[in-house]
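Here is a short report on one protein chain. Look at the sequence and the 3D view first, then read on.

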Amino acid sequence: MHSNGEVDPEPGASSASGARRIVRRAAYFAGVGAVAVAALGVLVFYVGPESNTLIIASSFVPLMLGVGVLGLVALAATRSWRTLAMGVVVLVAGAFTQAPLFVSNTPDTVAGDGIRVMQANIRLGEADPVALVEQVRSHSIDVLTIQELTDSAVERLGAAGLTELLPYRFVEPKDGGGGTGIYSRFPLTEQESLGHFAMSNLVATADIGDGRSVTVAAVHPMPPYPSPAWMWASEMGKLNGLLHEQAADGNPMIVGGDFNSTYSHSRFRAILTDGFTDAAEQTGAGFVMTYPADTWYPALIGIDHIVTNRATVTEFERIEIEGSDHHGLVATVTPHFNNT
């Protein structure tokens, strides 16, 4: 005790106070950093950079926004109200970028018969052919679009009974991941390669009966990594132009593919114009993560898509492709014709 009657602080009190200040400061800077990550996510969503690093960052925008939410919690805990307010603005802007994926545009009633469509990347032809054919059978698939199709995979899928279920096919198998195929219950005509790409991209006309036709495309542009960024950007731009050219003939169109792009890539969203719609967005399915599917942790990005034009998607789900590093997709697509 001092002569003036004051009592000395308890031993260790000042050190405890200092420790709290350090923790508070660390939490504050962690919160600011997390909000900065979210802000980067918003930026790359709109900018569409030609940089491998930033293109990859665009793939993870939903996760980056999730990090930003944790940042808001940290800022609230430190009572950094002005910084928290700025963080809220960033997260609200981020929420608007992803909101269309959660709002269904599917009408309550749809006229016409639906076509059951399945999209599958089979990882260098290594997916289990029997399991894949069982998925086709159990989901009553009418049209299958398939990537990374090899010669041996074509044979094994045929032996497993795929051609009994889907007797018409247009395939360009290749080793090394570049092969692509369309299998169909309907006759396929006007089969052609869709432009010149590093990997096969195919288009054909499916005769669904009563004089009605639907254009079907199976696509697989180059990935942004380890390929050069300019190559990915170039192929996405070329694919955009070719798909819109195909749609100009007025037929309903179904595109299944490993686009190597997520909804957060501006070059993928550029395709979603003039009537093209992503099935996940149309049905309000939210984040449909398809890759990677062969890890202990869940898939982190959605690069596989079913895209339509002059058609309504009424059902949409993710499925397992046994032996692949991608999940598959299944959709019910009702084409729009002039008399429907």
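## A buried serine

This is a predicted model. Start with Ser184. Leaving out residues up to four places away in sequence, Ser184 touches Asp142, Val143, Leu166, Pro167 and Tyr168. Ser184 sits in strand 4, which covers residues 180-184.

Is Ser184 buried or exposed? Ser184 counts as buried, because its relative accessibility is 0% and the cut-off for buried is under 20%. Its side chain also reaches the backbone nitrogen of Phe186, at 2.8 Å.

Strands of a sheet pair through backbone hydrogen bonds, and the pairing can be parallel or antiparallel.

Strand 1 (residues 115-121) and strand 2 (residues 143-147) run parallel and share five bridges. Gln119 has Thr145 of strand 2 as its bridge partner.

The model has another open sheet of six strands, with the order 5-6-7-8-10-9. Its pairing is mixed. Which strands stand at the edges? They are strand 5 (188-193) and strand 9 (276-278). Each has a single partner strand, so one side of each is left without a neighbour in the sheet. Here the twist averages 20° from one strand to the next.

Strand 6 (residues 202-209) and strand 7 (residues 212-219) run antiparallel. Seven bridges join them. For Leu202, the bridge partner in strand 7 is Ala218.

Helix 3 covers residues 61-77, which makes 17 residues. From its first C-alpha to its last, helix 3 reaches 25 Å. That is close to the 24 Å expected at 1.5 Å a residue. Its buried residues include Val61, Pro62, Met64, Leu65 and Gly68. Gly71, Leu72, Ala74 and Leu75 of helix 3 are buried too. After helix 3 comes Arg79, with a positive phi near 55°.

Helix 2 (residues 52-59) packs against helix 3 at an angle of about 75°, and their axes are 5 Å apart. That angle makes helix 2 roughly perpendicular to helix 3, because angles of 65 to 115 degrees count as roughly perpendicular. Helix 2 makes the contact with Ala57, Ser58 and Ser59. Helix 3 makes it with Val61, Pro62 and Met64.

## A glycine in helix 4

Gly94 lies in helix 4, residues 81-98. Gly94 counts as buried because its relative accessibility is 0%. Which residues does Gly94 contact, leaving aside its neighbours within four places in sequence? They are Val42 and Leu65. Leu65 is also one of the buried residues in helix 3.

Finally, compare Gly94 with Pro129. They are 35 residues apart along the chain. Their C-alpha atoms are separated by 40 Å.

Note on methods: Residues numbered from 1 in each chain as written. Predicted model: local features only at pLDDT ≥ 70, side-chain atom pairs only at ≥ 80, totals over all residues. Heavy atoms only, no water. Pairing = 2+ DSSP bridges. Helix = DSSP H or I, 4+ residues; strand = E, 2+ residues; numbered from the N terminus. Buried < 20%, exposed > 50% of the residue type's maximum accessible area, 1.4 Å probe, protein only. Polar contact = N/O pair within 3.5 Å; in protein donor to acceptor, adjacent residues only side chain to side chain. Contact = heavy atoms within 4.5 Å. Expected span 1.5 Å × (residues − 1). Axes fitted to C-alpha atoms, helices over the stretch in contact; angles between N-to-C directions. Parallel < 35°, antiparallel > 145°, perpendicular 65-115°, else oblique.
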